[in-house]
Amino acid sequence: MADEKKKESAAEPKSKEKSAKPQKAKKDTAAKKDASKEGKAKGFSRAGKAIAKFFKDVRGECKKIVWPDRKTVLKSSLVVIVSVVILALILWLVDTGLSEGVKALVNLAKDVGSDETTTAAAGAMLTGLLGL
């Protein structure tokens, strides 16, 4: 009999818990809806605080900047200008060389004539180009 009472008493709380769960679920969904509304409001305030913190950090970082003196700026500018001029000269020389090479190939093709075959013309261009 004692075993039967234990079973009944153990079964009763389960039935009470089951009946309580749907009520909790209803309360939980209502609480979630309220929390989602509050969460949206909190999200906007959180975003505003994050933006304010960002600009505050930017201002603090700007204060840490150490600007170079006039002499350093002039030296650096001079190095940049000289480098640009040297690279421009190199590019101009390469461009001029390639242009003249193409002109030479076109002139060789004209000099060979149109009566010869294509392979003979190509051979003549290579011979003239290599100076053989």
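**Figure 1. The salt bridge between E61 and K64.** E61 is partly exposed, with a relative accessible area of 48%; "partly exposed" lies between buried (under 20% relative accessible area) and exposed (over 50%), as judged with a 1.4 Å probe and protein chains only. The side chain of E61 meets that of K64 in a salt bridge, with 3.3 Å from N to O. A salt bridge here is a side-chain nitrogen of Lys or Arg within 4 Å of a carboxyl oxygen of Asp or Glu. K64 counts as exposed, at 59% relative accessibility. Side chains of opposite charge can pair when their charged atoms come close.

This is a predicted model, in which local features need pLDDT of at least 70 and side-chain atom pairs count only at pLDDT 80 or more, while totals for chains, interfaces and linings use all residues. Residues are numbered from 1 along each chain as its sequence is written, and side-chain values use heavy atoms, with hydrogens and water left out.

**Figure 2. The whole protein and its confidence.** The protein has three helices and zero strands, and its elements run α-α-α from the N terminus on. Helices (H or I, at least four residues) and strands (E, at least two) are DSSP runs, numbered from the N terminus. Of the 132 residues, 2% count as buried. The accessible surface comes to about 12200 Å², and 66% of it belongs to carbon and sulfur atoms; such areas come from the Shrake-Rupley method with a 1.4 Å probe, and for residues only the protein chains shown count as cover. The average pLDDT of the protein is 76, and 59% of the residues score at least 70; pLDDT is the predictor's confidence in each residue, from 0 to 100. Among the elements, helix 2 has the highest mean pLDDT (94) and helix 1 the lowest (66).

**Figure 3. The salt bridge between K53 and D57 in helix 1.** The structure holds three salt bridges, and one of them joins the side chains of K53 and D57 at 3.1 Å, N to O. Both residues lie in helix 1 (residues 2-63), four residues apart, which is about one turn of the helix. K53 is exposed, with a relative accessible area of 52%, whereas D57 is partly exposed, at 39%.

**Figure 4. The aromatic pair of F54 and F55.** The structure holds one aromatic pair. F54 and F55 form this pair, which is edge-to-face, with 5.3 Å centre to centre and 75° between the planes. Rings of Phe, Tyr and Trp (its six-membered ring) pair if their centres lie within 6.5 Å; planes under 30 degrees apart count as stacked, over 60 as edge-to-face and the rest as tilted. Both F54 and F55 are exposed.

**Figure 5. The salt bridge between E100 and K103 in helix 2.** The closest N and O atoms of E100 and K103 are 3.9 Å apart in this salt bridge. Both residues lie in helix 2, three residues apart, or about one turn of the helix. E100 is partly exposed, with a relative accessible area of 45%, and K103 is partly exposed, at 48%.

**Figure 6. The nonpolar surface patch around I90.** L78, V82, I86, L87, I90, V94 and L98 make a nonpolar surface patch of about 660 Å². Patches are made of residues with over 30% relative accessible area and no salt bridge, where like charges are joined within 9 Å and nonpolar side chains (Val, Leu, Ile, Met, Phe, Trp, Tyr) within 5 Å. I90 lies in helix 2 (residues 70-112) and is partly exposed, with a relative accessible area of 45%.
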